[in-house]
Amino acid sequence: MNIVMFWNGVLLECSRRDFTRGYANSQQPGPIRTSRAMAIVHLAIHDAVAFKNGLPAAAYLNKKNIAHTVGAPPAGAVDDIVSGAAVTTLKAMYPRYADFIDDSYDGGDNARFNYGEEIANALLVARSNDGSDVMLTPPQVVSPVYGQHRADPFMPGQPRLGLAWGDVTRFTGVAHKPLDPYPGQGASDLLSDEDYKADYDEVVQYGAEDRRSRTAEQERIGVYWAYDGVMNLGVPPRLYNQIARKIVASKSLSVARTAEVFAQINVAMADAGIDAWYYKYLFDLWRPVVGVRAEGAPDGDPFWSPLGAPQTNVTGRSTFTPPFPAYPSGHATFGAALFQSLRLALDTAAAPMTTAEVFAEETTPGAANADETFTFVSDELNGISVDSNGSVRQLVPITFTNFARPVWENSVSRIYLGVHWRFDGLPRDPSENIGGVPLGLAIGEEVHDFFNTGASLGGSV
């Protein structure tokens, strides 16, 4: 098996265990810490291949001018070097699973393994003071103002996840990618903005617990993309790596190309988490479960409840909205960054993905692209996972014929759960730089440019 795919599988199992009862959990809690961990592991693997292939200028360590003492690689196959890099970073990110990680390595050449460990340690030192150790879950604001994020009323003790995450050092460029304010931002009456009002009315009807206008297919979309930190599934970066595995496995890539692709997608998602959380707390917008209840008559509904993030593999339903502000959607930002990165890294289309391309999927699905066609089974709907009512969920494979369609689905899925406004993911006008989709697409381009400026693994075998 491709050694990069092997260690990616171990990484995803560590992440799954981190959100599953019966294991020592919460080593990388939430999507933002998980995305950082996954980027670090795959950067170490990427650089192990770069140094081994005689391309030190392609290594992340050198592209970022990070001081290190990594010398010439020992002779022999790359697998043990990759394993040394993977084991070292995995144990740093998930120390409570050290035995499982060690058991995943069946032994080999010590010199090559130690060389990979040296690369990993240089990267870990570089990220040791990146701001990720700042308190992750401070309490809510005591007296929030109109429009401001606050705890889900169904979970009144809910903290704020990732208040300072926007200050974490980005993996590529220094500055956050630009994002415009949400519709009506700063208005004393948000409903006076026609786009906010349209998105407000939409989520009231399509995101309510009692279904209302939501179709079965829309509910399928909501659940399929969820991965809201639940048992056996974990968080969105794990889902998006599962999708990448499915796509990459069909391409028969070399170890070097596989290392490059997984480094790009995971760095893109790590920067997506940093940028999205920066703007989340900059704008600090309430979510529908608060916003709909807080508005006055005739538009407000003090009793409205969302369908909520699925409580998969936990019986006894309780509605749940994630513990951080709405705008922009982390799901939309992560997903757009992933598929933009895959398109550019795999060269599946003539041009980068645009917001207009994603936007069009709602009414006029784009042309099929054989290079972007894949079928994926979400762990939310795999015929094994259990709904909160105790029933086993149906097995639902979904085939996508281009990369824009899953970006669109992933973004609007949060409307159908009632946990996001549409503009958190996509604007009403595709020319506007509003929401997680344009933000994630821009990050995907930035990361691709970073890895492909100067030397890269792109042409390696």
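Mentor: Let's begin with a term: a nonpolar core is a set of buried Ala, Val, Leu, Ile, Met, Phe, Trp, Tyr and Cys residues joined through side-chain atoms within 4.5 Å. Buried means under 20% relative accessible area, exposed means over 50%, and partly exposed is in between (1.4 Å probe, protein chains only). This is a predicted model: local features need pLDDT of at least 70, side-chain atom pairs count only at pLDDT 80 or more, and totals for chains, interfaces and linings use all residues. Residues are numbered from 1 along each chain as its sequence is written, and side-chain values use heavy atoms, with hydrogens and water left out.

Trainee: Okay, what do we find in the largest nonpolar core?

Mentor: That core has 135 residues, and Trp7, Phe339, Leu342 and Trp421 have the most contacts inside it. Helix α10 (residues 255-283) gives the most to this core, with 17 residues. Helices (H or I, at least four residues) and strands (E, at least two) are DSSP runs, numbered from the N terminus. As a general point, nonpolar side chains tend to be buried together in soluble globular proteins.

Trainee: What does Leu342 touch?

Mentor: Contact means heavy atoms within 4.5 Å. Setting aside residues up to four places away in sequence, Leu342 touches Ala244, Ile247, Val261, Ile265, Asp347 and Phe403.

Trainee: Why is the pair of Tyr182 and Phe423 called stacked?

Mentor: Rings of Phe, Tyr and Trp (its six-membered ring) pair if their centres lie within 6.5 Å; planes under 30 degrees apart count as stacked, over 60 as edge-to-face and the rest as tilted. Here the centres are 5.9 Å apart and the planes are at 15°, so the rings of Tyr182 and Phe423 pair and count as stacked. By this rule the count comes to 29 aromatic pairs.

Trainee: Where do the two partners sit?

Mentor: In distant parts of the chain, 241 residues apart. Tyr182 is in the loop between α6 (110-126) and α7 (194-206), and Phe423 is in the loop between α14 (404-416) and α15 (436-452). They also belong to one aromatic cluster, which includes Tyr196, Tyr200 and Trp421.

Trainee: What about Ile384: buried or exposed?

Mentor: Ile384 is at 63% relative accessibility, which is over the 50% limit, so it counts as exposed. Its place is in the loop between β1 (374-376) and β2 (398-400). Leaving out residues up to four places away in sequence, Ile384 touches Val392 and Arg393.

Trainee: What makes something a pocket or a cavity?

Mentor: On a 1 Å grid over the protein atoms alone, a cavity is a set of points where a 1.4 Å probe fits but cannot get out, while a pocket is an open set with protein on both sides within 12 Å along at least five of seven lines; lining residues have an atom within 4 Å of a point. Grid points are joined across faces, edges and corners, and a volume is the space filled by probe spheres set on the points.

Trainee: How much space lies in the largest pocket, and which residues are closest to its centre?

Mentor: About 690 Å³. Of its 34 lining residues, Phe19, Gly30, Asp228, Gly229 and Phe320 are the closest to the centre. Helix α12 gives the most to the lining, with 3 residues.

Trainee: How does that lining divide by class?

Mentor: Ala, Val, Leu, Ile, Met, Phe, Trp, Tyr, Cys and Pro count as nonpolar, Asp, Glu, Lys and Arg as charged, and the others, Gly among them, as polar. That gives 18 nonpolar, 11 polar and 5 charged residues.

Trainee: How many cavities of 30 Å³ or more are there?

Mentor: The structure holds 2. The largest has a volume of about 30 Å³, and its lining residues include Ser329, His420 and Trp421.
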